[in-house]
Amino acid sequence: MHVACSYHFAVILVTRPFLISALSVRLARLHHSLSAGDPSEEVPEEDQAHSRLAAACIDSAVYMLQTCLEVHKSGLLLRNMCILKAFIFAAALVLGFSMFSHRDVDSEIDNVFRGALVILRMLASQSAQAAHYLDIITKLEAAISEQRQRLAAQARQRRSQYVSRIFSLNDSPATPRTQSEGDDEETINATSLLSQSVTSYSWLHSDDGTAVAVTPPTIDGTLFDWEGMDLPLWDSFPFLAESTTI
């Protein structure tokens, strides 16, 4: 396994500069195709020789991780592999950059990339360096997922120029909200829930089962009417500030 990984890692080192060059051009072309830029603007062309060497780099990373996954599934992989975790990290970075730069999803590359996370998670139990590698690859996976969602939303928007979605029960819309918008909405929702929960206690039941109206309390000499509760009356309460901050 170490001999095979050393071979594939050597190929990755030689071809990785061409991979960066080819994928950078693909990212530029992808951005240009999805943006409303000037049609006369010159689009960079991809060098065919660089593309072939970039494909060799990706294939080497796939083969390396497939070999490691086979050994891991066979139960022969040790819990502390100093060189192997560096090999897996380098191969996962190559595949992650490739996945980030492509609009289409390759199931084989995706499965191997997730397999690298599985192995690093196993090695992280006894290695702080493997845990650091795992954290980086996990953040890369999150960036890839966000990039794919953004590309899908932009492509859908370009297709649907005459209609848009006006109602959804899903709390995570396709268009990301800003932090201020999210905070404002959380404040309004929290105030509404508190108002409803307090209003429900306007009537209490006595021992004989009859409903008894509860007189609104007085705070600082001011009648605290449940029906007239709004946001300014709640601004001074610390527990509301904590709930909206959380």
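Colleague: Let's start with Phe-87: buried or exposed, and at what relative accessible area?

Modeller: Quick caveat: this is a predicted model, so local features need pLDDT of at least 70 and side-chain atom pairs count only at pLDDT 80 or more, while totals for chains, interfaces and linings use all residues. Residues are numbered from 1 along each chain as its sequence is written, and side-chain values use heavy atoms, with hydrogens and water left out. Buried means under 20% relative accessible area, exposed over 50%, and partly exposed in between (1.4 Å probe, protein chains only). On that scale Phe-87 is buried, at 9%.

Colleague: How many aromatic pairs are there?

Modeller: Rings of Phe, Tyr and Trp (its six-membered ring) pair if their centres lie within 6.5 Å; planes under 30 degrees apart count as stacked, over 60 as edge-to-face and the rest as tilted. By this rule, the count is two.

Colleague: What kind of pair do Phe-9 and Phe-87 form?

Modeller: Their ring centres sit 5.0 Å apart, with 40 degrees between the planes. Phe-9 belongs to helix H1 (residues 2-34) and Phe-87 to helix H3 (residues 82-101), so the pair ties together parts 78 residues apart in sequence. Helices here are DSSP runs (H or I, at least four residues), numbered from the N terminus. As for the geometry, the pair is tilted.

Colleague: How do the rings of Phe-89 and Tyr-133 pair up?

Modeller: Phe-89 is in helix H3 and Tyr-133 in helix H5 (residues 128-159), 44 residues apart, so the pair links distant parts of the chain. Both residues are buried. With ring centres 4.1 Å apart and planes at 10 degrees, the pair is stacked.

Colleague: On to charges: how many salt bridges does a search of the whole structure find?

Modeller: Side chains of opposite charge can pair when their charged atoms come close. The cut-off is a side-chain nitrogen of Lys or Arg within 4 Å of a carboxyl oxygen of Asp or Glu. The search turns up three.

Colleague: Which residue forms a salt bridge with Asp-110?

Modeller: Asp-110 is buried, at 8% relative accessible area. It sits in helix H4 (residues 107-123), and its partner is in helix H5, 38 residues apart. The closest N and O atoms are 3.0 Å apart, and the partner is Arg-148.

Colleague: What is the N to O distance between Lys-139 and Asp-135?

Modeller: Both lie in helix H5, four residues apart, about one turn of the helix. Lys-139 is exposed at 55%, whereas Asp-135 is partly exposed at 37%. Their side chains meet in a salt bridge at 3.4 Å.

Colleague: Which residue does Glu-146 form a salt bridge with?

Modeller: Glu-146 is partly exposed, at 48%. The closest N and O atoms are 3.3 Å apart, and the partner is Arg-150.

Colleague: Last one: what accessible area do Ile-166, Phe-167 and Leu-169 have together?

Modeller: A nonpolar patch joins side chains of Val, Leu, Ile, Met, Phe, Trp or Tyr within 5 Å, from residues with over 30% relative accessible area and no salt bridge. Leu-169, in the loop between H5 and helix H6 (179-199), is exposed at 79%. Using the Shrake-Rupley method with a 1.4 Å probe, the three form a surface patch of about 460 Å².

Methods
Helix = DSSP H or I, 4+ residues; strand = E, 2+ residues; numbered from the N terminus. Patch = residues over 30% accessible without salt bridge, like charges linked within 9 Å, V, L, I, M, F, W, Y side chains within 5 Å.
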